Amino acid sequence: MSETTTGASYAAAGVDIEAGDRAVELMKEWVKKTRRPEVLGGLGGFAGLFDASALKRYERPLLASATDGVGTKVDLARKMGVYDTIGHDLVGMVVDDLVVCGAEPLFMTDYICVGKVHPERVAAIVKGIAEGCVLAGCALVGGETAEHPGLLGEDDFDVAGAGTGVVEADRLLGADRIRTGDAVIAMASSGLHSNGYSLVRHVVFDRAGWTLDREVAEFGRTLGEELLEPTKIYSLDCLALTRTTEVHAFSHITGGGLAANLARVIPDGLHATVDRSTWTPGAVFDVVGAAGRVERLELEKTLNMGVGMMAVVPAESVDAALTTLADRGVDSWVAGEITERGDHTTGATLTGDYSS
C-alpha cells in the first residue's frame, strides 16, 4: 500500500461530526426558551425527560400523540434561503392535531435530515421550531439532526416532528359529543399553511412559469413571501375556548381540505353544512385557482380555503366562543350548523358561494 493512501473515514464519506456539534451549541439557547417546569435535564442527552408526576392532578389522564412534517414547503424555504419559519409550520401541524381531542400539548421532539450540516441553517430551523413551541405552550425536549450525504444534495433538507399531549378522560372531545343544532365556528388560516404545496408549486412554477421573487399585486409582496407565510398555531386558543365555554369538537383543516377534515369528527346520523358565503378566502386561493385554472372542487379538496381550524359548539355557546377568540386576536365566525343527515352521503357539505 502506498504511504499516501489513507483509510476511509466518516468525514471522507461526507459526514461532518464537528459541524453537527456546532449546530447543537447554536440551537441550545432556542430550545431553552421552550422549557416547561416538568422538563428535566438539558439538550444533549439520549432522551428528553418529562416529569410525569405532574399528571397526578388528573383523575384519568389520557395521553395523546401526533406526528407530522411540512411536505414540499421545505423546498421553498431552501430556494429562498429562509430557514427560521418552517419550524412554525412543523409545530402547527403536530400540536393542532393534538388539541383536536382537547389535549394540552406537553412536549415535542423533532427530526431534521440534511444533505450537509450547515450549523447556522440547522440552528435557524430549530429556532423556528422553538418559537412555535412557545406559541403552543409546549416544550421542545429533544431531537435528531441526521446528515445524509449522497442521498440528499448539500442544501436539501426535510423536517418531521412528534408531540405528546394530555387530556382528562371525561373532557375528551370528539364526535360522540356533537348534537343536532350545534354551531360550526370557523377560525381563519394565515394562508396555505403546510398542505397542498405540490399542487401550488405545479401551478405557479410549471404552469404559470412564475419565480419566487415575482411581485404579486394581490399579495402586496413577493410570491415567495406569500408561500412561506407560517402556519397559524391554534392550540392555546382552542384550549382557552374549552375553559371559557362548552366545546364538543374541533377539526384541524389540513390535507384533504375543509369538508373532508370536518367530516372526520361528525358522527353517523348527523351532518355538517358549511356556508361558503360566510367568508372570503384569502387572495392566495384565488390566485392559485386562476393561474392553474383549478376547479373549485379541486381547490377545496386540497387547500384550507382560508379556514385553519373549526370548533363545533352548542348554539348557546356561540357568543362566548366568538368573544373568547376575538379577545385572543383570532378571526372567527359562525360558518355552519349540525343537522340530521337525511339523504346526505357524507358527513360535511359546503354550500353557497364565497363572499366577494
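A: An open sheet of 4 strands runs in the order S3-S6-S4-S5, and its pairing is mixed. Strands here are DSSP runs of E with at least two residues, helices are runs of H or I with at least four, and both are numbered from the N terminus; two strands pair if DSSP finds at least two bridges between them. The model is predicted, so local features need pLDDT of at least 70 and side-chain atom pairs count only at pLDDT 80 or more, while totals for chains, interfaces and linings use all residues. Residues are numbered from 1 along each chain as its sequence is written, and side-chain values use heavy atoms, with hydrogens and water left out.

At the edges of this sheet stand strand S3 (61–69) and strand S5 (139–147), and because each has a single partner strand, one side of each is left without a neighbour in the sheet. From one strand to the next the twist averages 15 degrees, where axes are lines fitted to C-alpha atoms (for helices over the stretch in contact) and angles run from 0 to 180 degrees between N-to-C directions. S3 and S6 pair in the antiparallel sense over 9 bridges, and within this pairing serine 65 stands opposite threonine 164 in S6.

Helix H4 (residues 119–136) lies across strand S4 (104–114), S5 and S6, and runs at about 165 degrees to S4; contact means heavy atoms within 4.5 Å.

Tyrosine 83 sits in the loop between helix H2 (73–80) and helix H3 (86–98). With a relative accessibility of 11%, tyrosine 83 counts as buried, a word that means under 20% relative accessible area, whereas exposed means over 50% and partly exposed lies in between (1.4 Å probe, protein chains only). Leaving aside residues up to four places away in sequence, tyrosine 83 touches Ala77, Arg78, Arg121, Ala124, Ile125 and Phe157. The C-alpha atoms of tyrosine 83 and glycine 128 are separated by 7.7 Å, although the two residues are 45 apart along the chain.

Cysteine 138 is also buried, with a relative accessible area of 1%. The closest cysteine sulfur to that of cysteine 138 belongs to cysteine 133 and is 3.8 Å away, too far for a bond, since a disulfide is a pair of cysteine sulfur atoms within 2.5 Å. The structure holds 0 disulfides.

Helix H7 (residues 235–244) in turn lies across S7, S10 and strand S12 (307–313), running at about 170 degrees to S10.
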